[in-house]
Amino acid sequence: HAVTLISGDDFPERDPSSFLLEGSLDGVNFARIASNAVPPFPARKYVQSLSFANTNRYNVYRLRFPTVRNAASA
C-alpha cells in the first residue's frame, strides 16, 4: 500500500512535511493506518509514493497533512 503525492504548482513552503492516513468503518471513529514525514519535493509537479503496511479494510479513508514545509510563510 502507498500514498502517492504530487507537489503543487505553487510555493514549496506549502508542501506537506508530514501525513496522517486514517480509516473508519462508520465514518465517525477513525483509526490511524499510517503516519510519517514527507520528504521534500525536489521540483514542482513531482510525484512521490510513500509506502506503508496495512491489513485492515475500511469503508472510509481520511488523509491529513498536519505540517507543511514552512507554516510561517505558507
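Colleague: Why is Asp 10 called partly exposed?

Modeller: Buried means under 20% relative accessible area, exposed means over 50%, and partly exposed is in between (1.4 Å probe, protein chains only). Asp 10 has 28% relative accessibility, so Asp 10 counts as partly exposed. This is a predicted model, in which local features need pLDDT of at least 70 and side-chain atom pairs count only at pLDDT 80 or more, while totals for chains, interfaces and linings use all residues. Residues are numbered from 1 along each chain as its sequence is written, and side-chain values use heavy atoms, with hydrogens and water left out.

Colleague: What makes Asp 10 and Arg 14 a salt bridge?

Modeller: The term requires a side-chain nitrogen of Lys or Arg within 4 Å of a carboxyl oxygen of Asp or Glu. Between the side chains of Asp 10 and Arg 14 the N to O value is 3.4 Å, a salt bridge. Arg 14 is partly exposed, at a relative accessible area of 46%.

Colleague: What joins Asp 10 to Arg 44?

Modeller: Another salt bridge, at 3.9 Å from N to O. Asp 10 lies in the loop between β1 and β2 and Arg 44 in the loop between β3 and β4 (47-51), so the pair ties together parts that are 34 residues apart in sequence. Strands here are DSSP runs (E, at least two residues), numbered from the N terminus. Arg 44 is partly exposed, with 25% relative accessibility.

Colleague: Which residue meets Arg 44 at 2.4 Å?

Modeller: Asp 15, through a salt bridge between the side chains (N to O). Asp 15 sits in the loop between β1 and β2, 29 residues apart from Arg 44.

Colleague: Is Asp 15 buried or exposed?

Modeller: Asp 15 has a relative accessible area of 5%, so Asp 15 is buried. Salt bridges with shared partners join Asp 10, Arg 14, Asp 15 and Arg 44 into one network. The structure holds six salt bridges.

Colleague: How do you know that β2 and β3 pair?

Modeller: Two strands pair if DSSP finds at least two bridges between them. Seven bridges join β2 to β3, and the two run antiparallel. Gly 23 stands opposite Ala 31 in β3. The two strands form a hairpin with five residues between them, and Gly 27 in the turn has a positive phi of about 80°.

Colleague: How many bridges join β2 and β5?

Modeller: Five, in the antiparallel sense. Glu 22 stands opposite Arg 62 in β5. The open sheet of three strands has the order β3-β2-β5.

Colleague: Why are β3 and β5 called edges?

Modeller: Each has a single partner strand, so one side of each is left without a neighbour in the sheet.

Colleague: What makes up the largest nonpolar core?

Modeller: A nonpolar core is a set of buried Ala, Val, Leu, Ile, Met, Phe, Trp, Tyr and Cys residues joined through side-chain atoms within 4.5 Å. Eleven residues make up the largest one, among them Val 3, Phe 19, Ile 33 and Tyr 58. β1 (2-6), β2 (18-24) and β3 (30-37) each supply at least two of its residues.

Key. Helices (H or I, at least four residues) and strands (E, at least two) are DSSP runs, numbered from the N terminus.
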